[in-house]
Amino acid sequence: MRRDATDLAQAIRNGSLTSVEAMQASLASAGDHKTLGTIAHLDETVGMASAEAVDQERRSEPGRFAARPFAGVPTLAKDLGGPFEGLPVTAGSRLFERAGSEPDSDLASRFREAGFCLFGVTTSPEFGLSLASEPAAGPICRNPLDPARTPGGSSGGAAAAVAAGIVAIAHATDAGGSIRVPAACCGLVGLKPSRGAMPAGPSFGNHLGGIASELAVCRSVRDTALIFDTLHGKAKGPFPDPETVADRGGRLRVGLLAETGSKYPTDGKRLEAIKDAARTLEADGHQIVPLGWAEFEQSVDASGRALGDIIAVNLASFIDTLELDISRAEPLTQAFIERGHALTGPTLWASLNGAVHTSRALWIIFDRVDCLLMPMLAKAPLAIGSFPFDHGDTELQLQRMAAFAPLASLANISGFPALTLPFGTDADGLPLPVQIMAPMGHEPLLLSLAARLEAEERWQHRFPVAGLAA
């Protein structure tokens with residue numbers, strides 16, 4: 001057994017564990033790991049009612065129960081994105097009260113149809129403006145592998161909960177690396193799907209002009225493949241559904257980027273993990289095509305500008321629409337709102353044009369290679385407090401994020417799918433992540449390569465999944 005969500009679902013399906021027992025185990029684990037700050041809001045009543053309903057369905061409608069791939073599996077929603085009815089979301093901000101909730105988003109409905117049982121929301125930074133998860137509204141989220149370090153952001157609570165085994169899989173969102181960075185920090189698999197692959201309606205509240213996508217953080221590649229296959233497609237706008245291209249196997253041209261330039265240097269151990277992954281794929285017969293930082297530098301800079309401007313304008317519009325008192329927001333959040341208000345049309349247009357050229361530049365690279373193998377993080381997970389919000393320098397925040405994950409926003413701005421997974425450990429026992437990127441619709445290719453690298457077993461989860469024997 002791999003001790004993942006697939007195993008947990010199988011245990012429930014074959015009757016060795018009930019959904020209620022799985023939920024009770026997750027609730028107990030949440031209590032045991034409370035000091036990690038993974039969960040911002042927990043509702044035991046909602047969770048137990050959902051689990052009881054699944055057990056009842058197993059008895060009364062076994063065919064319908066069996067059709068749900070994650071029937072009875074406990075999970076958590078992120079405190080940003082969705083929403084999931086019954087679980088109030090505050091986006092990690094003191095601007096909102098933890099009361100009431102909106103109806104299910106299209107994606108939330110698909111989570112429930114897949115059989116997931118939700119019982120809370122995970123910690124995220126205020127409005128997702130960080131690659132750490134330490135909102136002033138609390139709690140501060142810590143990495144289960146080293147509580148002095150961040151689990152990443154903005155889906156840090158989700159990743160920490162999965163790494164700690166509270167749940168086997170958790171909802172997450174990614175607008176600038178927010179699925180992949182936390183997955184990389186915590187030794188998990190994180191996939192940012194192609195633009196348009198995942199439903200974002202009906203409100204498109206976390207859409208961010210197309211740079212954001214929602215899916216999950218997972219303990220295995222097979223969980224990632226299963227949840228992607230279960231949830232993607234027929235998104236009903238605003239983009240055409242990208243055609244999912246089946247992985248046909250055969251010899252691939254793997255573009256290898258094993259540097260991130262002098263402005264955003266990646267430490268040697270993490271670069272060596274990228275090269276190790278390349279050697280593994282080369283031994284399988286794939287062609288490795290070395291690439292240089294000069295081919296990416298302009299696109300990386302353009303991605304950072306577009307990310308900052310899109311987020312700022314979106315946040316300013318959101319605040320104005322709801323007529324919120326921004327004095328209750330954290331200082332850095334206030335600065336992003338002010339940046340959005342001050343941004344001129346021509347400046348925003350220039351950033352959006354930069355995003356277009358970024359996508360074009362990557363398409364040209366994909367004329368020469370079938371996929372890209374590159375760094376995910378430039379260094380080990382940072383210490384708690386490395387992304388403070390007690391200042392008003394938005395450029396400093398964006399630079400700090402770029403220095404930590406130089407290539408994170410490239411996939412968001414271009415729209416291409418990207419996946420991260422651990423491929424070894426450093427001297428402190430922390431994961432050494434790699435990132436793979438492919439053309440639009442080539443998630444099957446990413447998942448196939450990830451499964452091959454995962455088979456090397458260079459990473460082992462430290463904590464068992466609640467409900468499954470260690």
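Two strands pair if DSSP finds at least two bridges between them. Helices (H or I, at least four residues) and strands (E, at least two) are DSSP runs, numbered from the N terminus. The model is predicted, with local features needing pLDDT of at least 70 and side-chain atom pairs counting only at pLDDT 80 or more, while totals for chains, interfaces and linings use all residues. Residues are numbered from 1 along each chain as its sequence is written, and side-chain values use heavy atoms, leaving out hydrogens and water.

**Stop 1: the three-stranded sheet**

Select β1, β3 and β2, which in that order form an open sheet with mixed pairing. From one strand to the next the twist averages 40 degrees; axes are lines fitted to C-alpha atoms, for helices over the stretch in contact, and angles run from 0 to 180 degrees between N-to-C directions.

Now keep β2 and β3 (residues 117–122), which are parallel and share four bridges. Pro74 stands opposite Cys117, and Lys78 has Thr122 as its bridge partner. Is β2 enclosed or open to the outside? Five of its five residues are buried, so β2 is largely enclosed by the rest of the structure; buried means under 20% relative accessible area, exposed over 50%, partly exposed in between (1.4 Å probe, protein chains only).

Then show helix α2 (residues 19–32), which lies across β1, β2 and β3 at about 15 degrees to β3.

**Stop 2: the eight-stranded sheet**

Next, select the eight strands of the open, mixed sheet ordered β4-β6-β5-β10-β11-β9-β7-β8. Its edge strands, β4 (169–174) and β8 (287–291), each pair on one side only. The twist averages 25 degrees from one strand to the next. β4 runs antiparallel to β6 (residues 213–218), and six bridges join them; in one of these pairings Asp174 is the partner of Ser213.

Helix α15 (residues 443–454) packs on this sheet and touches β5 (189–192), β9 (371–375), β10 (418–425) and β11 (431–437). Contact means heavy atoms within 4.5 Å. The direction of α15 makes about 5 degrees with that of β10.

**Stop 3**

Ala277, Thr280 and Leu281 of α9 meet Leu449, Arg452 and Leu453 of α15.

**Stop 4: the cores**

A nonpolar core is a set of buried Ala, Val, Leu, Ile, Met, Phe, Trp, Tyr and Cys residues joined through side-chain atoms within 4.5 Å. The largest has 126 residues, and those touching the most other members are Ile169, Val181, Val217, Ile227, Leu373, Leu421 and Val434. Helix α10 (residues 297–322) supplies the largest share, eight residues. Apart from this core lies another, of 20 residues, including Phe366 and Met437.

Centre on Ile169. Its contacts, not counting residues up to four places away in sequence, include Phe70, Pro74, Phe116, Val217 and Ile227.

**Stop 5: Thr358**

Finish at Thr358 in helix α12 (residues 345–365). At 1% relative accessibility, Thr358 counts as buried. Beyond four places in sequence, Thr358 touches Ser299, Ala302, Ser303, Leu410, Ile413 and Ser414.
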